[in-house]
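Please look at the sequence and the 3D structure below. The text after them goes through one chain, then a contact between two chains, and then one residue.

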Amino acid sequence: MFKFIHAADIHLDSPLRKLDFYEGAPVEEFRQATRRAFENLIQLAISENAAFVVIAGDLYDGDWKDYNTGLYLVSQMSRLRDAGISVFIVNGNHDAASNITKTLRFPDNVKIFPSDRPATFQMENPRVAIHGQGFASPAVKKDLASGYPMPVESFYNIGLLHTCATGREGHEPYAPCSLEDLKNKGYDYWALGHVHKHEVIEKHPHIVFSGNTQGRHPRETGSKGCVLVTVGHRQETEIEFISIDVVRWAIAEVDAGGAESGYDILDRVRKKLENLLEENDGMLLAARVYISGKTAAHGEIFSDLERWMNEIRSIAMDTGNGRIWVEKIKVGTRLPDSGQILEQKDGAIGELLKLFDELTAETNVHPDLINELADLERKLPRELKISGEGLKFSDSSWMKDTLEQVRPMLVKRLLRKGAGE
Amino acid sequence: MRIDELQLIAFGPFTDTVLDLSGGQEGFHLIYGSNEAGKSSALRALRHLLYGIPARSADNFLHPYPKMRIGASIRTGNGDVLKFIRRKGRSNTLRGPDDETMVEETLLQRFVSGIDVDLFAVMFGIGYDDLVRGGQDIIQGGGDVGRLVFSAGSGIANLLEIQNELQAEADYLFRPSGQKQKINEALIHLNQTRIELKSAQLKGQDWCGHDKAFRRALQRKEEVQSQLHMHLKKLNRLQRIQQALPLIAERKDLENDLRKYVDAILLPEDFSEKRRELLSKLANAETQKDQSHKNIESSTRAISELTFSQELLDNGDTVEAIHLELGSQNKAVKDRVQLETRRSALFAEAGEILKNLDDDLSLEEAEKRRIKKTEALKIRKLGAEYERIITRMEDARKRLPEITLEIEEMEKELGTLPGQRSLDALRQAMTDAEDYGSQEKHNRSEQADIKSALKTIELEQNRLGLKEKTFHEIESLPVPLPETIRIFEDRFDATDRLLNNIKGEFKKVQAALLEVEREIEANRLEQEVPTENDLLKARELRDMGWGLIVEIIENEPFSEETIQEYISNTAGLTTLAEAFDANMKQADFISDRLRREAGRVAEKAMLLAEQITHKDQLQQLEKDHEIAENERRQPTQEWTTLWQPLGINYRSPREMAQWANDFKLLVQKVRDLRNRRTKSDELQKDIDSHRMNLIQHLGTLEAKAIHDKDSLTSLIKKAQSIIALEEELLRKRDQLLRDKRKLENELKAAGSRLESSEKDLSGWQEQWEHAVRPIGLKGDAQPEEANVVMDELKNLFEKIKEADILQKRIIGIDRDREEFVHRVKGLVDVVAKDLAKRPAPEAALELHHRLKQSREARTKMETLEKQMEQERRRLSHASRNSADFETQLKAMCEEAGCRDIDQLPEAEQRSTKHREISARLESTDGHLRRLSGGVPVKDFIKEILEIDPDGIAGEIQNLEEAIEVLNGEKEALIETITIEKTELKRMDGSGKASESAEQIQIILAGIENNAEQYARLKIATKVLSMAIERYREKSQGPVLKRSSALFNQITGGAFDSIRAEYDDKGGPVIVGIRNRDKEIVRVEGMSDGTADQLYLALRLAGLEMYMENNEPIPFVVDDILIKFDNDRAAATLKVLAKISEKTQLIFFTHHHHLVQLADKYIHSSILFHHSL
């Protein structure tokens, strides 16, 4: 009987994406998350007394240039060497793009598969044959698996492959392969990488994506980690997903429907965050808060959005006791049907509302509005303009969303007298 | 929408307070409350009523949250009414009037035209603060037209402030060329962090390069070190040999020297030392012996020279005592002189006092004047009593005339008081009238009400055509019963119905006839249908033509004329043949048509028949109508008979039924009014009788200020004041009489006090004469005089006493002196007879001197004797030591083999030399052993002797040079290794770069957040200014026109109008035109008050415009006039009154003068008062 660990997509030193800083955010706790998750992996291998570790590609981010990352990796590999644990690695698309890969010298317990042809490493104790081929270039579009060697007789055979499998949404279509080919290869275990979500595609034989070791942005929610594989005397295989992440991304969707006031909404946010903490066993959370629904507090919130965001952050601090970083707050509430200014189309306020209606309905953003923001747009860093949720001032759906937020804010400010007493 | 009733059931300070706001078409509802009456609570209640009570309401101090209720009845313009109660709660807070049934919130929203709470407060409410804010906004915004028009149309008072706020918030986040703004700051931080990231990043080839250099240096260092090792080994050996060469030479010399001292006796190493010590000690002992002899001799000589007197020493204590007393003796002599002087002075002072007492007594006789203490006390006591008696007497004397005067004045005042009048009758009349006093006011208003009711009845009477009738006539008018009227109504209805039927039928037949005639006409117009007649006529013509033709053919005579006539019958033809042909064809044509159009011919015939039938029907109907008319005449006549006697204009039974009904009500009203009038008149009669009664009583008491028309209340008040006045007079008289009695008693008491004092004085005089006699005064002496004499006497006796004491002290001093002289004489006789002639003090001094000398001499002798004894002991000790040392020296000579002491030094020197050389030899061997590198010295020496000593130096230098080179290289290598090691250590896989990358992400997130907020603020600013501009374009004309007029009114004409002008920058701004000089006044030049009024004018114009197209909403005005002067407040009230014709106006105020102004300037038909 022996154990080994299957991990992939470590993306060492890849920063956690766009965490919004505020006073009291648990910055220190969030530092170097990918490294600490990786250290958890190493520790797991040592404490589980694993025979070896396989890594199915993407140790670093392709555009990451700091050689320190490689040196750090070497230092961690040395820990495994000291514990007598071998490591088998195939390069993924990111590794192929990385300069670090080309010059790094690993200790002798680390075996890197060649990129120009498939190869096999054999161990005698336990009797294991590991087959693999790395990425020679950042974009490999051909089926690598089909060229993998035949299984070695009376050995436990593992295929190590960086692949999109039959295609996975949100992942580049690299080294595609068919499920049938993998099954027919006669291997006992396919250790796959590239897809960041853990997935057991097949059980006979095992075809497994371990997922990445640490989520880095709001789309990588949920528990992240590696797969601990236990192989019995008759080659029977048991797998267990072990979460090793140190920070977890979560989405707190808060339904503000029917809330009477901003404080009502805050109560709901608090409850939601408490639930999230409980669900994640008190893990450090990077939580994105979405607030939606029809509520009478809509105007109240938008008339001073900054203040309510701060309230939510301080609730997170209070509730999480430093365990929650509110990554971003998105408010998309609406006024309840009965709370609308129904027929008010006369008078100056009516004129303003009509203007809002017109601007919202326009298919092209009104040039005056774009113009207002031109100065800012010139100064904004590139990252904020290209990303999916970026600031696209001349995009009509962005402007429509923004106008929906501006309308209640402006009306509430104009009619603020009514709110008092 | 308007509010008919506002019920403050349980809210703030209110419990079941109801404001009835239903008065008027819309109404100007003025709600007055003093400061604490809860005006602002009511104002709030109005809003909470419509939009719910907020969760954190502070209006629960009386009624807890669950009990809070506001109720109302509201009504829309088209008459829909909603009655509801608002309670406090989270949901379903709207209920029906029973406080149970749920009412949908949307229902209420329909009533308020869907206007939300904020807009309601802003657009339909204006308070003093809004006014001020609006005014300030106008001034600060320079009168910008767009902004003002927008403010007017929305009710927003602080638009500029809001715009500025938006701008300021945006500026706080970002400015295109800013540094400190949040986004700008973050951008700078971002760039810095990017640079940090770059510098923290390590390149792969850097690390490899350093790693290679490190390894190379390490390897080279190993090689250099082993070379160094070899060289050093060689060098070391040569250096040892080089050092050993001189030692070997030295060793040979020493061996030669040692041979010279082989026979020397080896003495102990301390031998010389010991010898020298003994010699020196021996010399010392000899010197000591000499010194002791000399000392003993000099001491013996000194003792023999000392002398002293033993008797004096024996009487030493006595001598010292006398010497001690000498000091006090000297002092006493000095004191005695002073005492004597003081004593004579005292005697002189005493004599002086005695002389001043005007007495011939000498000092010795003064004793006669001494009195006892009790006597002195008595004199002083009598003196004090005298003071008391005199004071009392003078006081009584002074008080007597004063009291008399006061009594006289009081009597005078009593005399002026008016006489007492009897008011019982008046009092009774007043008590009787009091009950009616309270009714008088009520009755007056009742009579006014009756008068106005009369007017109403009169109007009603006129309406009913009973103008000239008296009430009695009206009440007794025999108006037919409603049943009778109804019967007539039915009868009239029946005949009318018949007539109508006939009329209807008539019309129908007439219409049918017309239709038939129209068809006949149409038939004709289409083409006349030929008749048989037509055919006959045509044939006749044809046959006539044929006859003529036949005549011609048969040559029968024919008339050309007849032929011509025939031809002319047919138009346009010239020959007979043609004419005949035409007529023949015509006849055929008609015949054909008759056959062909037989249908149409029949139709025409039928129409003609129908025409005749209809005409017959019409005739019949006219007849029926006449009959029906006749039938109708009967009830009409009866109707007239029924009404004529009443003498009023009567009309149809249906109208008269309504009339009878109204009449019945009128009669009821008349009856009520008659009763009320009777009651009121009776009451008035009673009141008048009481009035007359009071006037009569008052008249007897007070002629003036009574009028016949005075109201009962005022008369009662007058009576009350007269009675009060009378009672006041009575009280005053009593007080005066009481005071007078008191004064008379006092007068009596003062008289008797004077008398007793005079008696006391004569008794005192006797005692006084007796008392002052001992001190030499007569009876007429004043107490002060006696006191002075007593004080002086006391002074005198004190001085005499002091002089006596001094005398005693002088005597004592003289006695002490005598005793001292005696004692000195006795002592001198015993110890120093040579001093017997000297005065005692001198002798005493000398004795003391001699005693001191004798004591010193004796002490000196004792010291010398002790020293001599010591010296003798020292001498014997020195002698013993000297012998001992000599013996020891002799023993040392024997040890060294010398005959005497003088030979000892040489023996010692030889011994030392031998020892020295041996030691040096030993040391040289030691050195050599150390250099030999473990080889025995002898072998080492042998080995060296075989080497060429001249080559060694060159070889050493070569080696040293090689070693130096190698060491330099080694050092350089160590440095390289250290540097590379540090470099590599620096590249330890640190996470610094990745931390910077994380930091960049955090900064980006912050920028994104702030950029979103910035975008929202900028867009809000832009959209608002777009809306302002659009609204201005649309509404500027009407708003300015209307507000111009309102501004003129509100400023009481001080301003003529307002209009748009262009400011320096070309933007449109509002300016005022002053009436006086038509001068343009910019808003910056307006006073705060005027700007407020301009704002008000704009607001009201905006409101009016809104009302033109929308369901009105009540306009709530909260005390906006408090800073207006009376003229402008009145003008504004008038303007508001005008607005209250279009929408309900609810005006809250604390200020009573505004209530009065409203009463004065607003017509009572639209002004309704309410108070809290």
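The accessible surface of chain A comes to about 17100 Å² in this predicted model, and carbon and sulfur atoms hold 46% of that surface. Such areas come from the Shrake-Rupley method with a 1.4 Å probe; for residues, only the protein chains shown count as cover. Of the 421 residues in chain A, 56% are buried, where buried means under 20% relative accessible area, exposed over 50%, and partly exposed in between (1.4 Å probe, protein chains only).

Chain A has 14 helices and 15 strands. Helices (H or I, at least four residues) and strands (E, at least two) are DSSP runs, numbered from the N terminus. Contacts (heavy atoms within 4.5 Å) can also be sorted by distance along the sequence. Among those in chain A between residues at least 6 apart in sequence, 72% join residues at least 24 apart.

Next comes the interface. The size of an interface is often given as the accessible area lost when the parts come together. Chain A and chain B bury about 7400 Å² between them, with 59% of it on carbon and sulfur atoms; this buried area is the accessible area (1.4 Å probe) that two parts lose on being put together, summed over both. The contact takes 83 residues from chain A and 84 residues from chain B.

How many salt bridges does the rule find across the interface of chain A and chain B? There are 11, each being a side-chain nitrogen of Lys or Arg within 4 Å of a carboxyl oxygen of Asp or Glu. The side chains of Glu358(A) and Arg1030(B) form a salt bridge, at 2.8 Å from N to O. Helix H14 (residues 396-414) of chain A gives the most to the side of chain A that touches chain B, namely 11 residues. By class, this side of chain A has 40 nonpolar, 13 polar and 30 charged residues. Ala, Val, Leu, Ile, Met, Phe, Trp, Tyr, Cys and Pro count as nonpolar, Asp, Glu, Lys and Arg as charged, and the others, Gly among them, as polar.

The last stop is in chain B. Glu26(B) sits in the loop between strand E2 (14-20) and strand E3 (28-32) of chain B. Glu26(B) counts as buried because its relative accessibility is 14%. Not counting residues up to four places away in sequence, Glu26(B) touches several residues, including Arg2(B) and Gln1144(B).

Residues are numbered from 1 along each chain as its sequence is written, and chains are lettered from A and ligands numbered from 1 in the order in which they are written. In this predicted model, local features need pLDDT of at least 70, side-chain atom pairs count only at pLDDT 80 or more, and totals for chains, interfaces and linings use all residues, while side-chain values use heavy atoms, with hydrogens and water left out.
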